[in-house]
Amino acid sequence: MNVDLGSAQTGRSGWIGDAWGGLAAMLVALPSAIAFGVTIFSPLGGSYAAHGALAGILGATVLGLIATSFGGTNRLITAPCAPAAALMAALAIDFAGRGSPPEEIMLRLMLIGLFAGAIQIGIGLSGIGRLIRYLPYPVVVGYLSAVGITIIGSQLPRVLGVERGVPLSQALLHPLTWHWQSLIVAALVIGAMLGLPKIIRAIPPAIIALAAGGLAYAALGFVDARLWQLENNPYIVGPLAQTGGSLLDTVTQNLRLLGAWDPALLAAIGLPAVSLAALLSIDTLKTCVVLDAMTCSEHDPNREMLAQGMGNIGSALLGGIPGAGTMGASLVNVSSGAQTRLSGVIEGLLALLAFLALAEAVAWLPISALGAILLVIGYRMIDWQSLEFFRVASTRLDFMVVVTVIGVALTVNLIAASAAGILLAIMLYLREQARVKVLHAKVEGEAIFSRVVRPEQELAILLKSGKQTVVVELQGSLFFGTANQLYKALEPEVGARSYVILSLQRVQSLDLSATHVLEQIKDRLDAVGGKMIFTEIPRNLPSGLKMKRYLREVGLVRDTGKALAFRQLDDALEWVEGQILASECPADDEGRPLELADIEAVHAWAPGTLQDLASIIEPRTYPAGKKVLKAGSREDELLFIRAGTVRVALPLQKKDEWHIGTFGRGALVGEMGFLDSRRRSADVLAVTEVHCFVLSRQRFDALATENSQAAAQIFAGIAVVLAQRIRLLNKELRTLRS
């Protein structure tokens, strides 16, 4: 869904859309923020549930104003979130269980939020923010499901209406302790949360459900008058201002409490702060990724981390609870027509105004109603579709990652669960990578040749000596997990081959373990007189590693001659063929220019045809390095190579080229341009000094006018040369295909 479509559908644009989106987002975020605050501070007992509601409102206000103002993601709503509530509530329960006084617990929670924000700023400044986006999907699923289960477990006692401090297991086993009025309110709220979206879409269901729960609670007061008691009522939030003062007095009290902190507390808050920062960062960036997909935009994760860190520091300083970019409120913001960051600022302001206007109403909110809202939120956070992973064999191990994350989260904590899930996901990834075959193909030297056009005698020698050479095409990741597989693929070639050509074009990564295997094979080849040759080395691997430089730095490619590197496979094959021919058939008269009758390409031509051809050709010499024919030119000459070597290459982008072939004594070059008279498609470069006979199309046409039979025989001879080259090309294509 594109945000412009959403704006068009609602008929709003500009700041009006932002204002409406901010209002809708506030209506979604504020009830949850109040519920999260109550969840965190309820374990402290007394009237601290009311303080939690105030902390939730302050968090929604401060986060909306600061994080949104400095962030770069349009339409993102930052507010108190479920992961923070789950972790902070667990910490509050733990601190209370150790006998810490409420004021000290409040200070610890405040410091944890403060330091978590500072850590987020550090993440943004260091550039680590971009890495958080790459959490494995099963880890995210398990993490969110664990948060959902944690929230459900913490809210069930409140929904049941049991006394504070009663463990969940004990509450479930003693139904007589349940408060039936709380159950009625919770059931009504849950029904409204689940059923209203199908009927009413203009108003967020949490608002209507909370109002319905409050009205139901008030109605139940006719049955039990104690429910109408404001002071010391365990079933409602209670007065928000503990001392009867204003909001400013409450903020001042929080700042005064923060000023009494003891550095000795750092040891107790360090790990929780790191855990909270990680959870908040993951939650924010997950939401940003979804917004990017919906609005065709791209967020800056590092800038967002800086903004979120500043928002959480501001919230902690003023006594609010921490938060992150929240999915539900952000999606409502988008669908309501918001387009810029202004919508988030408006959401924060409206949260503050709502508190100032409805402070007395907030005090009467039933605890069971807030717990019921969180039960629905927790239920929706559980990814029930992940159960399908278990049914499919290929995703069963991913399901185990999800289960592991949930199990560690429930028995240890959320950050340990994330770490365990990431570690397990990495192990599964390495397992899959190790199972991928690193050997793509092996081609015998007798089945693949360079593009050098050679006489039949030389081809026969190369065919006979083909077993000396093997081309090994590697693929995938060459790392410690596939090092043994790499060794087994190359070890059989030691002693059986004189030349082992390694094509690295399909290699995606290379580490020191795989490099050590290549070093071992290279040394063993050298011991028996063989050579390892690298070719088609990727310029840059996906990791950014410059492989050729790396191979030189680790000593695999040196000037010793033990291992060589060529840019293209054809260059490597040409070098190997040169070595074989030099040892099997030493050149004797390489420098003597051939006569026309000695050129192999015209051996089958009729003698009379050669006489006619000799009358229209002219001898020509090109120095080494000279372009004999140039791509793009209209040269229509046919060259008969008498001595020397030329290289034919097709120009590509920039300075790249594709090597078509290398031609030496007795070969024909330029036949395509000679036949169709179009612009040349390739360059012909003199590698050495070249002596040749040149036949121009103009002279040939003149001969055709006088002697059509001779011209036809020359054409037939050229056609035979082309047919031979096409056959060789077909053979090469079949080899590559196989």
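Is Trp 384 buried, partly exposed or exposed, and what is its relative accessible area? Trp 384 is partly exposed, with a relative accessible area of 43%, where buried means under 20% relative accessible area, exposed over 50% and partly exposed in between (1.4 Å probe, protein chains only). This is a predicted model, in which local features need pLDDT of at least 70 and side-chain atom pairs count only at pLDDT 80 or more, while totals for chains, interfaces and linings use all residues. Residues are numbered from 1 along each chain as its sequence is written, and side-chain values use heavy atoms, with hydrogens and water left out.

**Aromatic rings**

- The count comes to eight aromatic pairs, a pair being rings of Phe, Tyr and Trp (its six-membered ring) with centres within 6.5 Å, called stacked when the planes are under 30 degrees apart, edge-to-face when over 60 and tilted for the rest.
- Phe 222 and Trp 228 make an edge-to-face pair, because their ring centres are 4.9 Å apart and their planes stand at 85°.
- Of these two residues, Phe 222 counts as exposed at 68% relative accessibility, and Trp 228 counts as partly exposed at 41%.
- Tyr 379 and Trp 384 form a tilted pair, 5.3 Å centre to centre with 40° between the planes, and Tyr 379 is partly exposed at 46% relative accessibility.
- Tyr 499, Phe 566 and Trp 575 are linked into a cluster by ring pairs.

**Charges over rings**

- The charged end of Arg 396 sits over the ring of Phe 390, 5.2 Å from its centre, under a rule that asks for NZ of Lys or CZ of Arg within 6 Å of the ring centre and within 35 degrees of the ring normal.
- Arg 697 lies over the face of Phe 674, at 5.6 Å from the ring centre.

**Salt bridges**

- Side chains of opposite charge can pair when their charged atoms come close.
- The count comes to 17 salt bridges, each defined as a side-chain nitrogen of Lys or Arg within 4 Å of a carboxyl oxygen of Asp or Glu.
- Arg 524 and Glu 491 meet in one of them, at 3.4 Å from N to O.
- Arg 524 lies in helix H22 (residues 512-527) and Glu 491 in the loop between helix H21 (483-490) and strand E6 (499-510), so the pair ties together parts that are 33 residues apart in sequence; helices (H or I, at least four residues) and strands (E, at least two) are DSSP runs, numbered from the N terminus.
- Arg 642 and Glu 595 meet in a salt bridge of 3.8 Å, N to O, which links strand E11 (residues 638-643) with the loop between helix H24 (569-584) and helix H25 (607-614), 47 residues apart.
- Within that pair, Arg 642 is buried, with a relative accessible area of 13%, whereas Glu 595 is partly exposed at 44% relative accessibility.
- Glu 637 and Arg 620 meet at 3.1 Å, N to O, with Glu 637 buried at a relative accessible area of 17% and Arg 620 partly exposed at 23%.

**Cysteines**

- The count comes to zero disulfides, a disulfide being a pair of cysteine sulfur atoms within 2.5 Å.
- Cys 81 is buried at 3% relative accessibility, and Cys 692 is buried at 0%.
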